[in-house]
Amino acid sequence: MTIATARPAQVSATLAERLLARALAAAPHLQGQVLSGSFCDALERSVASRFKDQPRPPSMAEVERYLETLQHADLALACACAGGSEAAWEHFIRNFRSDLYAAARAVAKDFNPHELADSIYAELFGLEEREGKRRSLFQYFHGRSKLSTWLRAIVAQRFVDQVRAARRTVSLDSENGEGGSNAGDSPSGDARHESRLASAPAADPDRTRLLGVLQAVVSGAITSLDPRNRLRLSYYYVQDLTLAQIGRLLGEHEATVSRKLDRTRSSLRQRIEEALRQEQHMSDAQVRLCFDYAREEWPFDLTSSLRNGP
Amino acid sequence: MTRQRQSDDRLAGLLRHGLKQAAAPGCVSPDLLGAYFERNLTSAESAKVEVHIASCVHCQQQLAAMVRIETAVGVPARVETAGQHFWFLNWRWLTPAALAAVGAFAIWITVQPQAPVGLGDKSQIATAREPAAAAQEAPAPAPATRAFEQNKNAAAGPASKDTDALALRRQDVPALANKPTAPQSLIGRSQGAAGVVSTPAPVLMAEAGEQAAPARLADEKKKENVAALPEADAGKRRADLAVPAEKRMESTKLAAAQKVETAGSEKAQERELQKSVQAMPQAPAQVSGQQAYAQGKIPPARSEMAIVTNEAKPDAARDRTQEAPPKQTEEGFAVTRSRAAVPRPEFTALGGRIQWLFYKDRRIERYDERLKSGEIVSSPVTQELLAASAPSEKVCWAVGRGGVIIRSVSGEPWKQIGSPVEEDLVSIEARDAQNATVRTRSGKTYATSDGGRTWRSQ
């Protein structure tokens, strides 16, 4: 059975005009620069984006409640810029361009930040044309966040894409010497690491078995964590964020992040050791050996377990 | 416990190696990611996004990049235009806020005798460290002034503790020798001063004249040289000479006029102050500073201070037309140079009895005029600070290069707050901990009313 995506309710002209008036009152420099039709289209795109996964179309009250939460002035500016208004572009350049370039410099230090910012700027301007119409990146701004935050999200997205693209084009020499760090990016990662494991000199014949068991147990333990705890661990161990930064992302105080990380680590450790002892019938010495082997070399990646989740 | 710690360390290693992930399908769009980052989603939406992000390294990397951007660049300053006023029409906070404001106003009217300081009042402005000739002044709080006068009248023979402190602060201000000891009414930049508290308006005018004098001398010499040139060249050189000198004199006159204007408003305060001081019981006759110096009772530095404090001229207006005798100034400066180097602040801001001094090496001193003691901390930012404003004893704002803005409230450590621009900020005018206006080098102004969370262009 397929569920057809429900077509969201259209935005009423009255509501669109009221919201546009509010936007223009907050941003008088946009007077005469935003067509009510294009603003209404932007609102409809926003509604469509918000309610696309819902099985039933939203009611007018839901649409109105949602539209009230948008950043109307920023949305009007985006519409005006997408429409090619000079006054709107001047305002954008004066107030947002420097932040865009600063964000690129802050995050893409080794990846030519100026080029990154330039390419985003060009896309915002709309150098690309489709069916005779200029397509601007502004059309993808739906007003759910501030325009400045959205621009930073774009910078972050493009930067991450650049990094991942650069990793995929590593030379053969570096690939042969690479550990498990790129395993998550390559579909053949598992096979490559398994073959390396098989070819490693087996000082302890049980090494392979112990590591395999440990992998399964750790995968299961991480999978059973709730998303927030898993996110906290990922931010800390994989993304190398500080406690303050993690707190910023999760809406928690730094001390709370630290406390919860400790608690999660502690409960993970207990769960893993318990599983190794009770389910795998390992002795204390064997449990310690498992951890020691894993610290020396970790040939596995937990891609599938973390992707699947509970 | 040791065994458990070792296990924790091993686990940390496992997690570091093992938490690598691939991107999950259905990544979050930048629009939704931005809304999640700002916590603008409903709780249901937020939970749904988190479930995805927890399994998607791509989205985690984007969010990590966004938070790193925020750490490096700061919170994006929401530039509002003047028309955006609807925010205050929320009745939920408007009514109690209005009642609180009325109550506070009533209490203030009852308790505070002096006139309020408005945003337009220049008393709250501290100037940037600029080569401009103009310096802005602020009226001194009466209690501090009275204390200063008390110290002055307590005589400098057996120098009191307060006088000593004043001596230390004024020792490098030769221009104050034989000048009226006006109350601490002005905030200014004195080039020869080390930690000087204030510079009276007539002195500043005298300084302006002193600054113009070397320029005039140089011009005279240049004119002599021009006379020796061939006719065609001489005409051109004369034209060249005339313009800079005129401009210099104009700016000097303008600066002096501004200082006179401000000093004029100080005159009434000074007269009142003199009346109150004269009404106070006089200290018993004591040895004057000069006598004390002659008798070798006090060292030169303090005797100079004694000279300064004992030769107060009641009517500052008399001295406006007088220029400081160059010889004395030169001597004073010579004396200054021979002393051990006293660190000089780049600029200062005065809030009540608290003076904030900003030094070149990122030190910030909070000096209590009443306690005669200061505490020094390091600036929380590496950028050079250029100006500050202290609207009260508990609040001080400072701005500087690259749009940096820091603020200290109620003795808490200095914190950097959001800025509207990345351009150098050269001046700030603060009313309290929440309201301030900054100006960029290019002349743009921005104001905040929520402690720097959002800014609107003026």
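## Aromatic contacts, a helix pair and a hairpin

Phe92(A) has a relative accessibility of 0% and therefore counts as buried, the cut-off being under 20%. The structure is a predicted model.

| Ring pair | Distance between centres | Angle between planes | Class |
|---|---|---|---|
| Phe92(A) and Tyr121(A) | 6.4 Å | 20° | stacked |
| Phe92(A) and Phe138(A) | 5.3 Å | 85° | edge-to-face |

Phe92(A) belongs to helix H5 (residues 86-107) of chain A and Tyr121(A) to helix H6 (residues 113-125) of chain A, so their pair ties together parts that are 29 residues apart in sequence. Phe138(A) lies in the loop between strand S2 (133-135) and helix H7 (147-168) of chain A, so its pairing with Phe92(A) ties together parts that are 46 residues apart in sequence. Both partners are buried: Tyr121(A) has a relative accessible area of 17%, and Phe138(A) one of 2%. Ring pairs link these residues into a cluster that also includes Trp89(A), Phe96(A), Phe125(A), Phe141(A) and Trp150(A).

Elsewhere in chain A, the axes of helix H12 (residues 243-250) and helix H13 (residues 254-279) come within 8 Å and cross at roughly 100°. H12(A) is therefore roughly perpendicular to H13(A). On the H12(A) side, the residues in contact are Leu243(A), Ala244(A), Ile246(A) and Gly247(A); they meet Glu254(A), Val257(A), Ser258(A) and Leu261(A) of H13(A). This contact comprises five nonpolar, two polar and one charged residues.

In chain B, strand S7 (residues 385-389) is mostly covered, with five of its five residues buried. S7(B) pairs with strand S8 (residues 395-400) in the antiparallel sense over four bridges, and a hairpin of five residues joins the two strands. Leu385(B) has Gly400(B) in S8(B) as its bridge partner.

Conventions: Residues are numbered from 1 along each chain as its sequence is written. Chains are lettered from A and ligands numbered from 1 in the order in which they are written. This is a predicted model: local features need pLDDT of at least 70, side-chain atom pairs count only at pLDDT 80 or more; totals for chains, interfaces and linings use all residues. Side-chain values use heavy atoms; hydrogens and water are left out. Axes are lines fitted to C-alpha atoms, for helices over the stretch in contact, and angles run from 0 to 180 degrees between N-to-C directions. Angles under 35 degrees count as roughly parallel, over 145 as roughly antiparallel, 65 to 115 as roughly perpendicular and the rest as oblique. Contact means heavy atoms within 4.5 Å. Ala, Val, Leu, Ile, Met, Phe, Trp, Tyr, Cys and Pro count as nonpolar, Asp, Glu, Lys and Arg as charged, and the others, Gly among them, as polar. Buried means under 20% relative accessible area, exposed over 50%, partly exposed in between (1.4 Å probe, protein chains only). Two strands pair if DSSP finds at least two bridges between them. Rings of Phe, Tyr and Trp (its six-membered ring) pair if their centres lie within 6.5 Å; planes under 30 degrees apart count as stacked, over 60 as edge-to-face and the rest as tilted.
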